[in-house]
Amino acid sequence: MALTLAEAEKILADNFAPWVLGLGLTVEDTGEFHAVLRLPWSDALARDGGGISGQALMAAADTATVIAVASARGAYGPMTTVQQSTTFQRPVTGVDVLVDARVTKLGRRMAFAEITMTAEGAEEPAARASTVYALLG
C-alpha cells in the first residue's frame, strides 16, 4: 500500500507552499510506514556559524511526516500538524540531511510519527522530532 517514489514526489509538488518547495526536498524512499526525504545543503539555509538552521530542519521533518503518513494510508489526504517537538543534537555543515520519518501509530483521525535527521555520511543524528497530525479527510 506504500506510495511509489513518483507518487510521493507528486504529493510534495502539489501540496506544499512555495517556500517549503524552495527547500529543495526530494523523496529518497517510501515504505508502508515511512518516508525518507533529502534536504540538500544550501548556504541559503545556513545560520550564523555555518550550520543548517533549525527552522529548515523542522520544516523538513514536518514535510517528511506528511509523506510518511500518506504512504501509510496509501494516498494523500488532508491533514494538519497538531504538535511537533524537535531536539537538535549536533550541527550540520556543508552536507545534505536525510530526514527519516516513521509512522508509529496510524488511527482514523490521528497519526503519530518519529523523525530522525542525519547528516549524510554521519552515524549519529543531528536532530530528532516527534509529530502528531490530525487526519482531516
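Me: In what order do the elements of the protein run from the N terminus on?

Reply: Helices (DSSP H or I runs of at least four residues) and strands (E runs of at least two) are numbered from the N terminus. Here the elements run α-α-β-β-α-β-β-β-β, with 3 helices and 6 strands in the protein. The model is predicted: local features need pLDDT of at least 70, side-chain atom pairs count only at pLDDT 80 or more, and totals for chains, interfaces and linings use all residues. Residues are numbered from 1 along each chain as its sequence is written, and side-chain values use heavy atoms, with hydrogens and water left out.

Me: How is the order of the strands in the sheet to be read, and which strands stand at the edges?

Reply: Two strands pair if DSSP finds at least two bridges between them. In this protein, 6 strands form an open sheet in the order 1-2-4-5-6-3, with antiparallel pairing. Strand 1 and strand 3 (79–88) are at the edges; each has a single partner strand, so one side of each lacks a neighbour in the sheet. From one strand to the next, the twist averages 20 degrees; axes are lines fitted to C-alpha atoms, for helices over the stretch in contact, and angles between N-to-C directions run from 0 to 180 degrees.

Me: How many bridges join strand 1 to strand 2?

Reply: Strand 1 (residues 26–31) and strand 2 (residues 34–39) run antiparallel and are joined by 5 bridges. A hairpin of 2 residues links the two strands, and Gly31 stands opposite His34 in strand 2. Elsewhere in the sheet, strand 5 (residues 110–119) pairs with strand 6 (residues 127–135) in the antiparallel sense over 8 bridges. Thr116 has Arg128 in strand 6 as its bridge partner.

Me: Which strands does helix 3 touch?

Reply: Contact means heavy atoms within 4.5 Å. Helix 3 (residues 54–73) packs on the sheet and touches strand 1, strand 2, strand 3, strand 4 (97–106), strand 5 and strand 6. Its direction makes about 45 degrees with that of strand 4.

Me: What span should helix 3 have, and is the helix largely enclosed or open?

Reply: The expected span of a helix is 1.5 Å times one less than its number of residues. For the 20 residues of helix 3 this should be 28 Å, and the end C-alpha atoms are 29 Å apart, which agrees. A residue is buried under 20% relative accessible area, exposed over 50%, and partly exposed in between (1.4 Å probe, protein chains only). Just after helix 3, Gly74 takes a positive phi of about 85 degrees.

Me: Where is Phe33, and which residues does Phe33 touch?

Reply: Phe33 lies in the loop between strand 1 and strand 2 and is partly exposed, with a relative accessible area of 39%. Leaving aside residues up to four places away in sequence, Phe33 touches Ala72, Ala101, Arg102 and Val103. The C-alpha atoms of Phe33 and Ala2 are separated by 7.5 Å, although 31 residues apart along the chain.

Me: What radius of gyration would a compact globule with 137 residues have?

Reply: The radius is taken over C-alpha atoms, and the globule rule is 2.2 Å times the number of residues to the power 0.38. A compact globule with 137 residues would be near 14 Å; the protein has 14 Å, which agrees. Buried residues make up 44% of the 137 residues.
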